[in-house]
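Keep the sequence and the model open side by side.

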Amino acid sequence: MTDDTQTPGIHHVTCIAGDPQRNLDFWVETLGLRLVKRSINQDDPETYHFFFADAEGTPGTSMTFFPWESMRQGKVGSGQVSRTAFRVPEGSLDFWEDRFDEYGVEYDDRVERFGETVLPFEDPDGLPVELVAVEIPEDDPTVPWTEWVPEDVAIRGFHSVTLWLADPDPSMELLETMGFERVGTEQAQGDTPGDERTRLAAEGPVGKYVDVLPTIGGGRQGTGTVHHVAFQTPTDAEQEAMRDAVQSKGLRPTAQIDRHWFRSVYFREHGGVLFELATSDPGYTSDEPLDELGERLVLPGKFEGRRDEIESALTDVTVPRAETVDADD
């Protein structure tokens with residue numbers, strides 16, 4: 001293995017939502033993430049693509065959604081990302097439970113996992129999500145967004161994703177090829193169907209963990225499920241090396257696809273989960289100033305010439321606004 005075949009961790013996670021306004025309200029107002037890009041699904045341009053992240057859209061912080069309003073409810077099962085976890089500062093879970101009570105968010109009892117405290121909850125579409133309390137280092141690359149929540153409790157990018165797999169071994173071997181290392185195994189707690197959770201870690205500071213659980217329970221893609229998880233391959237050279245490494249494992253990655261804010265390669269890993277490899281550049285500020293991210297509908301490339309047609313097919317939405325919250329409030 002070389003440095004070119006070692007991902008620092010998760011780049012983004014893309015999920016399926018239902019009502020776009022409800023999705024915006026929850027992820028911006030309730031969870032306090034910044035809408036850093038308001039665009040369209042480039043494979044289905046009559047559908048929005050929302051990107052929620054930290055204040056600067058740092059790689060490893062963006063949760064993205066396709067709000068397909070007519071799609072049926074999904075069910076999490078084998079061959080899917082079962083939960084997506086975000087980092088929050090140590091000592092902030094009391095704040096989040098109070099906030100969830102205020103906003104009517106369903107959440108479960110805290111659990112301890114690999115020495116960390118985890119707060120599981122669901123978004124309005126039933127998407128399973130977690131907050132994990134961790135120590136945030138002074139040199140952390142994420143930049144908290146404080147329009148809705150104080151800095152000292154704000155979400156600070158991804159912690160991990162959990163994969164449910166019928167046969168975890170080939171998938172874990174693939175993750176090792178991608179630069180992850182097995183760091184522990186423990187009995188599963190909470191809503192997980194398997195009785196053993198294995199954690200793999202990359203070397204980056206954000207989104208560095210992937211947890212794997214064995215399950216044969218069937219699922220279906222739909223509202224409230226993860227569409228795919230993307231891993232960081234910061235440069236084109238690193239992405240090409242990773243693509244070659246993945247292909248050597250008998251998988252069939254696509255050619256590189258230009259997604260305007262990053263360049264992507266897609267493939268289904270052995271257990272059926274859709275993986276993406278994503279570059280770091282050109283980034284979300286390549287077509288909007290930092291202080292204007294998410295303010296307008298961005299139509300990349302050829303889609304700008306179809307603006308009137310596309311806008312007429314999209315549901316009108318309003319981005320929630322608030323004054324900046326002081327950390328001592």
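Two strands pair if DSSP finds at least two bridges between them. Helices (H or I, at least four residues) and strands (E, at least two) are DSSP runs, numbered from the N terminus. This is a predicted model: local features need pLDDT of at least 70, side-chain atom pairs count only at pLDDT 80 or more, and totals for chains, interfaces and linings use all residues. Residues are numbered from 1 along each chain as its sequence is written, and side-chain values use heavy atoms, with hydrogens and water left out.

Start with the whole chain. It has five helices and 16 strands. Its radius of gyration is 19 Å, close to the 20 Å that the globule rule gives for 329 residues, so the chain is as compact as a globular protein of that length. That radius is taken over C-alpha atoms, and the rule is 2.2 Å times the number of residues to the power 0.38. The C-alpha trace spans about 45 × 45 × 40 Å along its principal axes. Buried residues make up 58% of the 329 residues. Here buried means under 20% relative accessible area, exposed over 50%, and partly exposed in between (1.4 Å probe, protein chains only).

Now the sheets. Strands of a sheet pair through backbone hydrogen bonds, either parallel or antiparallel. S2 and S3 (residues 44-53) run antiparallel, joined by seven bridges. Lysine 37 stands opposite phenylalanine 51 in S3. Contact means heavy atoms within 4.5 Å.

S11 (residues 197-201) pairs with S12 (residues 209-214) in the antiparallel sense over four bridges. Arginine 199 stands opposite aspartate 211 in S12.

Which residues of H2 (residues 93-103) are buried? They are Leu93, Trp96, Glu97, Arg99 and Phe100. Why are they on the same side of H2? They cover an arc of only 160° around the axis, taken from the directions from the helix axis to the C-beta atoms. Their cover includes H1 (20-30), S5 (80-89), S7 (116-122) and S8 (128-134). On the other side of H2, Asp98, Asp101 and Glu102 are exposed. Just after H2, glycine 104 takes a positive phi of about 70°.

Finally, the cores. A nonpolar core is a set of buried Ala, Val, Leu, Ile, Met, Phe, Trp, Tyr and Cys residues joined through side-chain atoms within 4.5 Å. The largest has 66 residues, and those touching the most other members are Trp27, Trp96, Leu131, Leu163, Leu175 and Phe275. A second, separate core of ten residues includes Val36, Ala53, Ala230 and Leu293.
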